[in-house]
Amino acid sequence: MVGFCHIKDAIALVVSAIAPIHKQTDVVPDQLPLISHRHGGNRQERAEALGCKPNQLLDLSASLVPFGPPPWLPRAIKKALRDELVPYPDRRYALLRRAIADQHQLAPAQVLPGNGAAELFTWAARDAAAFQNLLPQPGFFDYQRALACWGAQVDFLALQLQWSAAFPQCFEAALQNPLPDGAGKAIWITNPHNPSGQLWSAASIEPLLQNFELVIVDEAFLALVPGGEQQSLVPLINKYPNLVVVRSLTKLFAVAGLRLGYALGAPERLARWASWRDPWPVNGLAAAVGAPLLADQGWAKKVQQWVAKEGAWLFQQLQQLDGITPMPSAANYFLLHGKNSLEPLRLALEQQHHILLRDCCSFRGLNENYLRVALSDRAGNRRLIKALRVT
């Protein structure tokens, strides 16, 4: 019997093949969910489908801090509305770049702000299109999306689907097969890994920098991980010009709507990226609040305490349920594994309890037996566990 994931991906491929023969006016909204399943956080879309309001949904398909953003942020945005809404943003993003550089003890020329990490992946992929690209799988689909924009060559590295609860772990030890020769190649690493939540040690990633022409490390969730900064590759930026680290402020501060991230790397490389893109990729509001967000060190500590406390509680509760096995995670999300398809469970949670979980159809190497669930606050976690017990 053909699996659910394969059916959905097959439909998507058929639609993409047929679409060019239709006029643009023939595109209908019903086609959009075929694409949107590759990401979580489709709250508006799912609310419309369920006939409810978006705020009635418990969205655990996107891994955001549930008690954010920081309470001072609305005041900062209000000020930015007064000061930054009318004029064009500074094309250099000088103040924002300086704040990010100071945060990481780098020079402003080693910083490139972006419209979220996703925009920066597009330019990283254009840079990497000159190489054969290695992608550990299962892994975040957006790298494939970005590489496909430039017709880049891609190979996949299969990860083992069992791991211990002791973090950090050795990256290469997690691979099913030995790492191939990296000459003339690029490799994309997510740390902590998505969707597994595994935290790789910086020491186990550094050897890749000696063997690959380009190493792109996505640290979007690292600031949320207790002790995670100790495994950051940022301190190696000055040592390795072939290293790029991409960060996101979306996850830590729960500001997905602002779209703000940044890349750290060699000035020449980032200047090349900047020459490829639109003049104002970061809007004035996001640029204005970026510096104060980075300055709020107390917020990161609060978030890490939440991940440590609530993560342990939710993992224990999930372990007591029949039919699903939570995999150990250092991040604010868990990969759930079932002996049978978990798609009926996901649909029941959505339709009966208005709880959204992330299906894993876009993760190569996973299937309908896997789901990813984001960590919520205690009330949200209790709501999830209660719904799982009766579904």
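In this briefing, a residue is buried under 20% relative accessible area, exposed over 50%, and partly exposed in between (1.4 Å probe, protein chains only). The model is predicted, so local features need pLDDT of at least 70 and side-chain atom pairs count only at pLDDT 80 or more, whereas totals for chains, interfaces and linings use all residues. Residues are numbered from 1 along each chain as its sequence is written, and side-chain values use heavy atoms, with hydrogens and water left out. Helices (H or I, at least four residues) and strands (E, at least two) are DSSP runs, numbered from the N terminus.

- Most residues other than glycine have a negative phi, and most peptide bonds are trans.
- His354, which is not a glycine, has a positive phi of about 55°; it is found in the loop between helix H13 (343–353) and strand S11 (355–359).
- With a relative accessibility of 21%, His354 counts as partly exposed.
- Arg259, also a residue other than glycine, has a positive phi near 55° and is found in the loop between helix H9 (250–253) and strand S8 (261–264).
- The relative accessible area of Arg259 is 30%, which makes this residue partly exposed.
- Gln137 and Pro138 are joined by a cis peptide bond with omega of about 5°, and Pro138 is found in the loop between S3 and H7.
- A cis peptide bond also leads from Phe167 to Pro168, with omega near 0°; Pro168 is found in the loop between S4 and S5.

**Helix H7 and its surroundings**

- In helix H7 (residues 142–149), the buried residues are Asp142, Tyr143, Gln144, Ala146 and Leu147.
- These buried residues pack (contact means heavy atoms within 4.5 Å) against helix H6 (116–128) and strands S3 (132–137), S4 (153–158), S5 (185–190) and S6 (214–218).

**The five-stranded sheet**

- An open sheet of 5 strands has the order S1-S11-S12-S10-S9, with mixed pairing; two strands pair if DSSP finds at least two bridges between them.
- Strand S1 (58–60) and strand S9 (325–326) stand at the edges with a single partner strand each, so one side of each has no neighbour in the sheet.
- S1 and S11 run parallel and are joined by 3 bridges, and Leu60 stands opposite Leu357 in S11.
- H13 packs on the sheet and touches S11 and strand S12 (370–374), its direction making about 155° with that of S11. Axes are lines fitted to C-alpha atoms, for helices over the stretch in contact, and angles run from 0 to 180 degrees between N-to-C directions.
- Helix H12 (residues 297–319) lies across S9 and strand S10 (333–337), running at about 10° to S10.
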